[in-house]
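Biologist: Could you walk me through this one? I'd like to begin with the core and then look at one helix.

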Amino acid sequence: MRIPPGREGKGGLGEALAAEKAAEIGRLAAEAARALSCEAGLGAAEAVLRAGLLKLGGAMLGEALSADPGYRGPRVGCGHGHEAAFTGYREKVIATVLGPVALRRAWYHCAGCGHGLAPRDAELGAAEGSMSPGLAAMSDKAAAAVPFAQAAGLLEDLAGISLTVKRVERAAEADGAAQATASRARAALIARRKLVPLPPDPLPDKLYAVIDGTGVPSPPRRPPAGRARAPTAGTTAIRSASGPTSSRSKLAWRRR
Ligand SMILES: [Zn+2]
(Lines give C-alpha, C1' and ligand atoms only; values in the text may rest on other atoms or scores of the structure.)
Protein backbone atom coordinates (compact mmCIF):
# COMPACT_ATOMS: atom_id res chain seq x y z
CA MET A 1 0.00 0.00 0.00
CA ARG A 2 1.01 3.64 -0.52
CA ILE A 3 1.87 5.56 2.63
CA PRO A 4 1.19 9.33 2.48
CA PRO A 5 4.37 11.47 2.57
CA GLY A 6 5.48 12.42 6.06
CA ARG A 7 3.69 9.39 7.64
CA GLU A 8 6.41 6.78 7.04
CA GLY A 9 7.67 4.77 10.04
CA LYS A 10 5.89 2.35 12.37
CA GLY A 11 3.26 4.76 13.70
CA GLY A 12 2.64 6.13 10.22
CA LEU A 13 2.10 2.65 8.77
CA GLY A 14 -0.40 1.78 11.53
CA GLU A 15 -2.32 5.00 10.93
CA ALA A 16 -2.29 4.48 7.16
CA LEU A 17 -3.62 0.89 7.57
CA ALA A 18 -6.38 2.09 9.91
CA ALA A 19 -7.34 4.82 7.41
CA GLU A 20 -7.42 2.28 4.57
CA LYS A 21 -9.68 -0.07 6.60
CA ALA A 22 -11.98 2.82 7.55
CA ALA A 23 -12.27 3.77 3.87
CA GLU A 24 -13.10 0.15 2.92
CA ILE A 25 -15.78 -0.05 5.63
CA GLY A 26 -17.22 3.22 4.33
CA ARG A 27 -17.35 1.81 0.77
CA LEU A 28 -19.08 -1.37 2.04
CA ALA A 29 -21.66 0.64 4.00
CA ALA A 30 -22.49 2.69 0.89
CA GLU A 31 -22.79 -0.46 -1.23
CA ALA A 32 -25.08 -2.09 1.37
CA ALA A 33 -27.26 1.05 1.48
CA ARG A 34 -27.56 0.97 -2.34
CA ALA A 35 -28.47 -2.75 -2.24
CA LEU A 36 -31.20 -2.09 0.37
CA SER A 37 -33.01 0.28 -1.97
CA CYS A 38 -33.46 -2.51 -4.58
CA GLU A 39 -36.03 -5.30 -4.56
CA ALA A 40 -35.07 -8.13 -2.12
CA GLY A 41 -32.54 -5.64 -0.81
CA LEU A 42 -32.05 -7.04 2.68
CA GLY A 43 -30.65 -10.33 1.35
CA ALA A 44 -28.39 -8.47 -1.07
CA ALA A 45 -27.16 -6.08 1.64
CA GLU A 46 -26.42 -9.04 3.94
CA ALA A 47 -24.47 -10.78 1.19
CA VAL A 48 -22.48 -7.62 0.34
CA LEU A 49 -21.58 -6.95 3.97
CA ARG A 50 -20.73 -10.54 4.80
CA ALA A 51 -18.46 -10.99 1.78
CA GLY A 52 -16.81 -7.60 2.32
CA LEU A 53 -16.27 -8.02 6.06
CA LEU A 54 -14.92 -11.54 5.62
CA LYS A 55 -12.44 -10.24 3.05
CA LEU A 56 -11.48 -7.36 5.33
CA GLY A 57 -11.08 -9.74 8.28
CA GLY A 58 -8.88 -12.04 6.19
CA ALA A 59 -6.65 -9.10 5.23
CA MET A 60 -6.39 -8.01 8.88
CA LEU A 61 -5.54 -11.57 9.95
CA GLY A 62 -2.84 -11.70 7.26
CA GLU A 63 -1.36 -8.43 8.51
CA ALA A 64 -1.44 -9.63 12.15
CA LEU A 65 0.28 -12.89 11.14
CA SER A 66 2.98 -11.09 9.19
CA ALA A 67 4.09 -9.28 12.38
CA ASP A 68 5.97 -12.47 13.41
CA PRO A 69 7.85 -14.18 10.55
CA GLY A 70 8.59 -17.18 12.79
CA TYR A 71 12.39 -16.92 12.98
CA ARG A 72 13.42 -18.89 16.09
CA GLY A 73 17.22 -18.63 15.79
CA PRO A 74 19.69 -20.32 13.43
CA ARG A 75 18.76 -23.82 14.72
CA VAL A 76 15.67 -25.44 16.26
CA GLY A 77 14.89 -28.96 17.52
CA CYS A 78 13.25 -31.05 14.80
CA GLY A 79 11.22 -33.08 17.29
CA HIS A 80 13.18 -36.29 16.66
CA GLY A 81 16.35 -35.53 18.57
CA HIS A 82 18.18 -33.52 15.86
CA GLU A 83 18.70 -29.88 15.12
CA ALA A 84 17.21 -28.31 12.02
CA ALA A 85 18.99 -25.34 10.40
CA PHE A 86 17.34 -22.14 9.15
CA THR A 87 17.29 -22.03 5.36
CA GLY A 88 15.11 -19.02 4.52
CA TYR A 89 11.46 -18.01 4.34
CA ARG A 90 8.62 -19.84 2.65
CA GLU A 91 5.04 -18.90 1.97
CA LYS A 92 2.03 -21.03 2.77
CA VAL A 93 -1.64 -20.30 2.23
CA ILE A 94 -3.85 -21.26 5.16
CA ALA A 95 -7.61 -21.67 4.73
CA THR A 96 -9.33 -19.87 7.61
CA VAL A 97 -12.91 -19.00 8.58
CA LEU A 98 -12.14 -15.60 7.00
CA GLY A 99 -10.96 -17.09 3.71
CA PRO A 100 -7.45 -17.98 2.47
CA VAL A 101 -4.62 -16.12 4.24
CA ALA A 102 -1.00 -16.11 3.06
CA LEU A 103 1.60 -16.76 5.75
CA ARG A 104 5.33 -16.13 5.23
CA ARG A 105 7.38 -17.93 7.85
CA ALA A 106 10.93 -19.10 8.60
CA TRP A 107 11.79 -22.53 7.21
CA TYR A 108 14.24 -24.99 8.80
CA HIS A 109 15.71 -28.18 7.36
CA CYS A 110 16.80 -31.25 9.33
CA ALA A 111 19.59 -33.18 7.61
CA GLY A 112 19.07 -36.16 9.96
CA CYS A 113 15.38 -36.66 9.05
CA GLY A 114 15.63 -35.21 5.55
CA HIS A 115 12.54 -33.09 6.29
CA GLY A 116 11.78 -29.41 6.61
CA LEU A 117 9.64 -27.68 9.20
CA ALA A 118 8.34 -24.26 10.18
CA PRO A 119 8.07 -23.80 13.97
CA ARG A 120 5.49 -21.06 13.37
CA ASP A 121 3.07 -23.60 11.78
CA ALA A 122 3.09 -25.72 14.94
CA GLU A 123 2.67 -22.63 17.13
CA LEU A 124 -0.42 -21.66 15.11
CA GLY A 125 -1.87 -25.19 15.20
CA ALA A 126 -1.50 -25.58 11.43
CA ALA A 127 1.52 -27.91 11.25
CA GLU A 128 -0.32 -30.95 9.85
CA GLY A 129 -2.24 -29.24 7.09
CA SER A 130 -3.18 -25.92 5.61
CA MET A 131 -6.35 -25.28 7.56
CA SER A 132 -6.64 -23.01 10.60
CA PRO A 133 -7.83 -24.66 13.83
CA GLY A 134 -11.06 -22.63 13.67
CA LEU A 135 -11.91 -23.75 10.14
CA ALA A 136 -10.85 -27.36 10.85
CA ALA A 137 -13.27 -27.49 13.82
CA MET A 138 -16.05 -26.02 11.64
CA SER A 139 -15.34 -28.45 8.80
CA ASP A 140 -15.18 -31.45 11.18
CA LYS A 141 -18.57 -30.57 12.66
CA ALA A 142 -20.16 -30.46 9.21
CA ALA A 143 -18.37 -33.68 8.14
CA ALA A 144 -19.58 -35.47 11.28
CA ALA A 145 -23.19 -34.52 10.55
CA VAL A 146 -23.49 -35.28 6.82
CA PRO A 147 -21.48 -36.97 4.00
CA PHE A 148 -18.30 -35.10 2.93
CA ALA A 149 -19.79 -33.70 -0.32
CA GLN A 150 -22.78 -32.25 1.54
CA ALA A 151 -20.47 -30.91 4.27
CA ALA A 152 -18.48 -28.96 1.66
CA GLY A 153 -21.76 -27.55 0.31
CA LEU A 154 -22.92 -26.58 3.82
CA LEU A 155 -19.67 -24.72 4.51
CA GLU A 156 -20.08 -22.82 1.25
CA ASP A 157 -23.75 -21.95 1.87
CA LEU A 158 -23.61 -21.16 5.58
CA ALA A 159 -20.12 -19.77 6.09
CA GLY A 160 -19.16 -18.62 2.58
CA ILE A 161 -16.08 -20.86 2.65
CA SER A 162 -15.16 -22.83 -0.42
CA LEU A 163 -13.36 -26.13 0.25
CA THR A 164 -13.07 -29.18 -2.00
CA VAL A 165 -14.78 -32.39 -0.85
CA LYS A 166 -11.35 -34.07 -0.66
CA ARG A 167 -10.07 -31.34 1.67
CA VAL A 168 -13.05 -31.72 4.03
CA GLU A 169 -12.51 -35.48 3.99
CA ARG A 170 -8.74 -35.26 4.62
CA ALA A 171 -9.18 -32.79 7.52
CA ALA A 172 -11.88 -34.95 9.15
CA GLU A 173 -9.75 -38.09 8.83
CA ALA A 174 -6.59 -36.38 10.15
CA ASP A 175 -8.45 -34.90 13.12
CA GLY A 176 -10.23 -38.22 13.75
CA ALA A 177 -6.87 -40.05 13.75
CA ALA A 178 -5.39 -37.46 16.16
CA GLN A 179 -8.41 -37.87 18.46
CA ALA A 180 -8.07 -41.66 18.35
CA THR A 181 -4.33 -41.45 19.21
CA ALA A 182 -5.06 -39.11 22.13
CA SER A 183 -7.84 -41.41 23.31
CA ARG A 184 -5.58 -44.50 23.15
CA ALA A 185 -2.81 -42.68 25.06
CA ARG A 186 -5.34 -41.68 27.72
CA ALA A 187 -6.70 -45.25 27.95
CA ALA A 188 -3.12 -46.59 28.39
CA LEU A 189 -2.48 -44.11 31.22
CA ILE A 190 -5.75 -45.13 32.93
CA ALA A 191 -4.85 -48.85 32.55
CA ARG A 192 -1.42 -48.21 34.14
CA ARG A 193 -3.14 -46.25 36.92
CA LYS A 194 -1.18 -43.14 36.03
CA LEU A 195 -4.37 -41.21 35.38
CA VAL A 196 -7.57 -41.37 37.40
CA PRO A 197 -10.54 -40.00 35.45
CA LEU A 198 -12.99 -37.99 37.51
CA PRO A 199 -16.50 -39.45 37.66
CA PRO A 200 -19.15 -37.59 35.69
CA ASP A 201 -21.29 -35.16 37.61
CA PRO A 202 -24.17 -35.83 38.04
CA LEU A 203 -23.67 -39.62 38.12
CA PRO A 204 -25.86 -41.52 35.62
CA ASP A 205 -28.85 -43.46 37.01
CA LYS A 206 -28.12 -46.55 34.97
CA LEU A 207 -25.01 -48.12 33.38
CA TYR A 208 -25.01 -50.51 30.43
CA ALA A 209 -22.37 -53.10 29.58
CA VAL A 210 -22.75 -53.74 25.85
CA ILE A 211 -21.18 -56.64 23.98
CA ASP A 212 -20.94 -55.43 20.42
CA GLY A 213 -20.71 -58.61 18.37
CA THR A 214 -22.37 -61.92 17.72
CA GLY A 215 -19.72 -64.38 18.90
CA VAL A 216 -16.54 -64.88 20.91
CA PRO A 217 -13.59 -66.74 19.28
CA SER A 218 -12.91 -69.99 21.15
CA PRO A 219 -9.67 -72.09 21.07
CA PRO A 220 -9.75 -75.81 20.17
CA ARG A 221 -10.57 -78.02 23.15
CA ARG A 222 -8.78 -81.25 24.16
CA PRO A 223 -10.17 -84.30 22.30
CA PRO A 224 -12.67 -86.27 24.39
CA ALA A 225 -11.48 -89.73 25.52
CA GLY A 226 -11.76 -92.27 22.72
CA ARG A 227 -11.72 -89.65 19.89
CA ALA A 228 -8.63 -88.92 17.84
CA ARG A 229 -9.56 -85.45 16.56
CA ALA A 230 -10.24 -82.42 18.68
CA PRO A 231 -13.16 -80.21 17.70
CA THR A 232 -11.84 -77.30 15.63
CA ALA A 233 -11.60 -73.79 16.92
CA GLY A 234 -14.72 -71.80 16.28
CA THR A 235 -17.02 -69.12 17.51
CA THR A 236 -19.30 -69.35 20.49
CA ALA A 237 -22.55 -67.49 20.08
CA ILE A 238 -23.22 -64.86 22.68
CA ARG A 239 -26.32 -65.53 24.72
CA SER A 240 -27.97 -62.64 26.38
CA ALA A 241 -30.25 -62.63 29.39
CA SER A 242 -33.20 -61.51 27.31
CA GLY A 243 -32.95 -63.71 24.22
CA PRO A 244 -31.30 -66.94 23.10
CA THR A 245 -28.70 -65.54 20.64
CA SER A 246 -29.08 -61.79 20.67
CA SER A 247 -26.27 -59.86 18.98
CA ARG A 248 -26.21 -57.34 21.78
CA SER A 249 -26.40 -58.25 25.39
CA LYS A 250 -27.19 -55.47 27.77
CA LEU A 251 -26.79 -55.75 31.49
CA ALA A 252 -28.12 -52.91 33.53
CA TRP A 253 -27.13 -51.98 37.02
CA ARG A 254 -29.31 -49.63 38.90
CA ARG A 255 -27.50 -47.24 41.18
CA ARG A 256 -28.66 -47.87 44.72
ZN1 LIG B 1 15.41 -34.53 12.51
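Modeller: A term to begin with: a nonpolar core is a set of buried Ala, Val, Leu, Ile, Met, Phe, Trp, Tyr and Cys residues joined through C-beta atoms within 7 Å. A residue is buried if 20 or more other C-beta atoms lie within 10 Å of its own, exposed if 12 or fewer, and partly exposed in between, with C-beta atoms placed from the backbone. This is a predicted model, in which local features need pLDDT of at least 70 and side-chain atom pairs count only at pLDDT 80 or more, while totals for chains, interfaces and linings use all residues. Residues are numbered from 1 along each chain as its sequence is written.

Biologist: OK, so how many residues are in the largest nonpolar core?

Modeller: The largest nonpolar core has 20 residues, and those with the most contacts inside it are M131, L135, A151, A152, L155, L163 and V168. At least two of its residues come from each of β3 (99-110), α4 (133-145), α5 (148-159) and α6 (165-191), where helices (H or I, at least four residues) and strands (E, at least two) are DSSP runs numbered from the N terminus. The largest share, five residues, is supplied by α4.

Biologist: Which domains does this core draw on?

Modeller: Domain 2 (68-127) and domain 3 (131-194) each give at least three residues to this core; the domain bounds come from an automatic or database domain assignment. Apart from it lies another core, of seven residues, among them A84, W107, C110 and A118.

Biologist: Switching to α5, which of its residues are buried?

Modeller: The buried residues in α5 are F148, A151, A152 and L155. Seen down the helix axis, they fall within an arc of 100° (taken from the directions from the axis to the C-beta atoms), so they line one face of α5. On the other side of α5, A149, D157 and L158 are exposed.

Biologist: And what do the buried ones pack against?

Modeller: The buried residues of α5 pack against α4 and α6. Leaving out residues up to four places away in sequence, A152 touches L163, T164, V165 and V168, a contact being two C-beta atoms, placed from the backbone, within 7 Å.

Biologist: What comes just after α5?

Modeller: Just after α5, G160 takes a positive phi of about 70°.

Biologist: Last one: how many helices and strands does the protein chain have?

Modeller: The protein chain has six helices and eight strands, and 14% of its 256 residues count as buried.
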